[in-house]
Amino acid sequence: MNVRPKLAQPRRVRYTQVIEYILDRIDRGDWKAHDKLPSVRELAGELQLHRLTVFRAYGVLKERGTIYVKEKSGYFVSGSRPSTKPAVPEDGSPPRSNQGTGRAGGTTSPPVAWHRTGYLQNSLSEIHQIPAVYSFSQALIDPNLLPNLFLSDHVKQVFDRYPKLLGTYSSVQGDEELRELLCADMQRKDKLQVSPDELLITTGGQQAVDLLAGVYLRPMDYVLVERPTYSSALDCFRQRGARLLPVEIHRDGYDLDLVEAYLKRHKPRMFYMNPTFHNPTGYTVPASQRKRLVELAERYGCLLVEDDAVHDVYFDMPPPPPLYSYDTEGWVVYLRSFSKYLAPGLRICAVAARTAVMAPLLTAKSLADNGTPLVNQKLFQHCFESERLQQHLEKLRTALQIRRDVMEQALAPGTGWQWYRPQGGLNLWVRLPAGINSNQLLTEGIRRGLTFVPGTICDPLGELDERIRLSFSFQNEAQIREGIHLLIQLTDEFVQRG
């Protein structure tokens with residue numbers, strides 16, 4: 001099997017990043033004392049870099065005593081790590097953690113922590129900031145579908161129950177009562193074995209992804225990502241200097257043989273996935289693959305980051321159990337967003353992780369904001385534990401299913417449009433008529449007051465320009481019909497212009 005992927009390369013790769021990559025491989029036990037390292041040519045080929053960049057990195061490590069040279073044999077790992085390494089690397093980046101991550105007793109320890117600032121970009125956010133009459137880029141629920149009066153009634157009740165609510169902070173990990181409530185809910189509904197100490201409340205799922213990337217990724221690390229996937233996560237990983245390994249997602253999941261080959265050869269630090277009502281495709285990975293993925297993660301020491309933003313937004317049948325339900329060794333981190341379908345402005349996400357992974361996340365959370373606002377947590381808790389919530393969820397699923405159907409009906413008259421019918425979630429993943437470029441179409445759409453998400457920003461390779469993501473959850477039925485009619489009109493104009 002050919003396991004050399006088409007990589008999405010990070011920007012501005014320097015020899016200092018190659019140094020960090022080599023040191024990390026040594027720390028993780030991939031290259032042990034007196035092991036022969038890849039030749040300059042081999043490593044340059046693997047990293048897809050110029051040979052002089054790798055040669056310079058080897059030279060610096062040789063001077064530090066980390067590696068040594070045998071004449072006509074190549075480079076080898078030294079028998080012991082020197083203690084004279086500079087506290088700050090030559091490029092001014094932060095010093096490395098000394099926490100080891102080698103294998104012991106047949107198991108693999110969690111990854112070490114690392115943070116680096118790099119190129120900042122959020123393509124999805126830039127689109128969201130564009131004013132639009134017809135916004136099909138927002139994977140949010142129409143505020144008119146949310147229980148606004150119900151929430152307003154609860155605000156006073158919450159402040160009556162907690163009169164000093166505004167006078168204190170939450171704990172870094174999150175309000176204990178809320179964590180206990182969410183644990184009980186996940187245990188009852190999803191059969192997850194999780195305790196309050198294994199939950200962290202973050203300010204939305206996006207913060208959770210950013211914290212994980214900051215703690216567990218170093219420059220040059222491989223990250224497995226779905227193709228396509230949530231674009232803001234891609235931008236977050238790129239900002240850390242990671243290299244993206246794309247894995248195609250299909251209606252029946254992934255090519256697990258390819259996933260295992262990537263894990264074995266490239267040793268990625270994590271696999272970021274959205275296996276339930278996938279964003280943007282709407283696919284759901286079957287239960288049989290979920291269990292196998294956890295087994296592979298344990299075998300090859302890869303952290304699975306399971307982003308589950310719309311778990312409860314299903315139309316017919318509930319989705320399979322999360323990957324986290326199969327995890328016994330601590331290799332799955334489960335991101336469960338709750339507030340999206342109740343009160344998105346509260347920004348409540350629960351991160352479930354075993355103790356070894358949770359500990360550095362708590363430190364990172366304390367440095368980020370010292371805890372998610374307590375007012376938000378208490379408001380959400382008071383609403384979440386009410387019977388009204390389940391009634392709201394049932395009505396919301398029906399309303400969103402109707403909007404999905406309306407969008408499909410509106411697209412049907414168009415020539416050459418193709419899409420998959422999702423059984424949950426908020427989006428349609430649409431193939432445009434032949435010859436239409438999604439970015440060019442977006443430019444024209446913006447001029448006419450219409451936005452969507454082009455496939456290129458969802459693709460780690462920056463391709464898929466024949467695809468777009470259309471969210472059916474944010475606009476009402478009349479706006480969907482009008483907006484899709486305009487979109488079809490725009491594509492017809494492109495076709496006529498040739």
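Helix α13 lies across β13, β14 and β17 (467–471) of this predicted model, and runs at about 20° to β14. Contact here means heavy atoms within 4.5 Å. Axes are lines fitted to C-alpha atoms, for helices over the stretch in contact, with angles from 0 to 180 degrees between N-to-C directions. Helices (H or I, at least four residues) and strands (E, at least two) are DSSP runs, numbered from the N terminus.

The sheet is open, with four strands in the order β13-β14-β17-β16 and antiparallel pairing; two strands pair if DSSP finds at least two bridges between them. β13 (418–419) and β16 (453–454) are at the edges with a single partner strand each, so one side of each has no neighbour in the sheet. Two bridges join β13 to β14 (residues 427–431), and Q418 stands opposite R431 in β14.

Now the helix pair. α13 (residues 388–411) packs against α16 (residues 477–497) at about 25°, with the axes 9 Å apart. The two are therefore roughly parallel, a label for angles under 35 degrees. From α13, the contact uses I402, R403, V406, M407, A410 and L411; from α16, E477, I480, R481, I484 and I488.

On confidence: pLDDT, the predictor's confidence in each residue from 0 to 100, averages 87 over the protein chain, and 89% of the residues score at least 70. Residues 82–118 stay under 50. Where pLDDT is low, the predicted coordinates should not be read in detail.

Residues are numbered from 1 along each chain as its sequence is written, and side-chain values use heavy atoms, leaving out hydrogens and water. In this predicted model, local features need pLDDT of at least 70 and side-chain atom pairs count only at 80 or more, while totals for chains, interfaces and linings use all residues.

Key: Angles under 35 degrees count as roughly parallel, over 145 as roughly antiparallel, 65 to 115 as roughly perpendicular and the rest as oblique.
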